[in-house]
Amino acid sequence: MYKILAVCPMGLESIVAKEVQELGYETTVEKGKIFFEGDETAIVKCNLWLRTADRVKIVVGEFTATTFDNLFEQTKALPWEAIIAEDGNFPVQGKSVKSVLYSVPDCQAIVKKAIVERLKVAYQTRGWLSETGAKYPIEVSILKDKALLTIDTSGSGLNKRGYR
């Protein structure tokens, strides 16, 4: 079971929440975010049938991070190997708003390093991870010192699908 996040423009939360509920999932709504729980089938159904959401993401972890060391250790503690394959390609994007960890490039680098360290232990690899396989786009989003780590499952945005 995954915690899943459907991202949408502000003001459309109730519409997206209704779409998710019509697919059979209970929702929790925040500004621009609809959270719900589901399995792999839920992720596929939402990517296929949601019409007003921008993206569908897997929430890997949420925690408070006030230092870079804290960000590294808590990111490393998450079960990345449950989602990312041994040869998975996992670019990290980030954003930080009203946080003491305001340097986005540093946050991205720390999260990437923490995931690499976790995967090296999980897959018993000594050298570099090849990152030649499937793409797992990771986002670290820090808002008021609360870090949210997600993996994008949508590819290009759902709102970019043609209606034809």
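In the predicted model examined here, the buried residues of helix α1 (residues 13-22) are E13, V16, A17, E19 and V20; buried denotes under 20% relative accessible area, exposed over 50%, and partly exposed the range in between, for a 1.4 Å probe and protein chains only. Helices (H or I, at least four residues) and strands (E, at least two) are DSSP runs, numbered from the N terminus. Viewed down the axis of α1, the buried residues fall within an arc of 160°, so they line one face of the helix; the arc is that of the directions from the helix axis to the C-beta atoms. S14, K18 and E22 are exposed on the other side of α1. The buried residues of α1 pack against three strands, β1 (2-7), β2 (28-30) and β3 (33-38), where contact means heavy atoms within 4.5 Å. Just after α1, G24 adopts a positive phi of about 105°.

Residues are numbered from 1 along each chain as its sequence is written. Because the model is predicted, local features need pLDDT of at least 70 and side-chain atom pairs count only at pLDDT 80 or more, whereas totals for chains, interfaces and linings use all residues, and side-chain values use heavy atoms, with hydrogens and water left out.

The protein chain contains 4 helices and 7 strands, and its elements follow the order β-α-β-β-α-β-α-β-α-β-β from the N terminus on. The radius of gyration of the protein chain is 16 Å, close to the 15 Å that the globule rule gives for 164 residues, so the chain is as compact as a globular protein of that length. This radius is taken over C-alpha atoms, and the globule rule is 2.2 Å times the number of residues to the power 0.38. The C-alpha trace spans about 45 × 35 × 25 Å along its principal axes. Of the 164 residues in the protein chain, 40% are buried. Among contacts with a separation of 6 or more, 73% are between residues 24 or more positions apart.

In helix α3 (residues 68-76), the buried residues include L71, F72 and T75. Seen down the axis of α3, its buried residues fall within an arc of 100°, so they line one face of the helix. They pack against β4, α4 (104-122) and β7. T75 has 0% relative accessibility and therefore counts as buried. Residues up to four places away in sequence not being counted, T75 touches F63, W80, V111, A114, I115 and L149.

K95 lies in strand β5 and, at 44% relative accessibility, counts as partly exposed. Apart from neighbours within four places in sequence, K95 is in contact with V104, E139, V140, S141 and I142. The C-alpha atoms of K95 and D54, 41 residues apart along the chain, are separated by 17 Å.

The largest pocket holds about 650 Å³ of space. On a 1 Å grid over the protein atoms alone, a pocket is an open set of points where a 1.4 Å probe fits, with protein on both sides within 12 Å along at least five of seven lines, and lining residues have an atom within 4 Å of a point. The lining comprises 25 residues, of which K31, K33, S141, L143 and L148 lie nearest the centre of the pocket. Two or more lining residues come from each of β1, β3, β4 (55-64), β5 (92-97), β6 (138-143) and β7 (146-152).

How values were computed:
Points joined across faces, edges and corners; volume = space filled by probe spheres on them.
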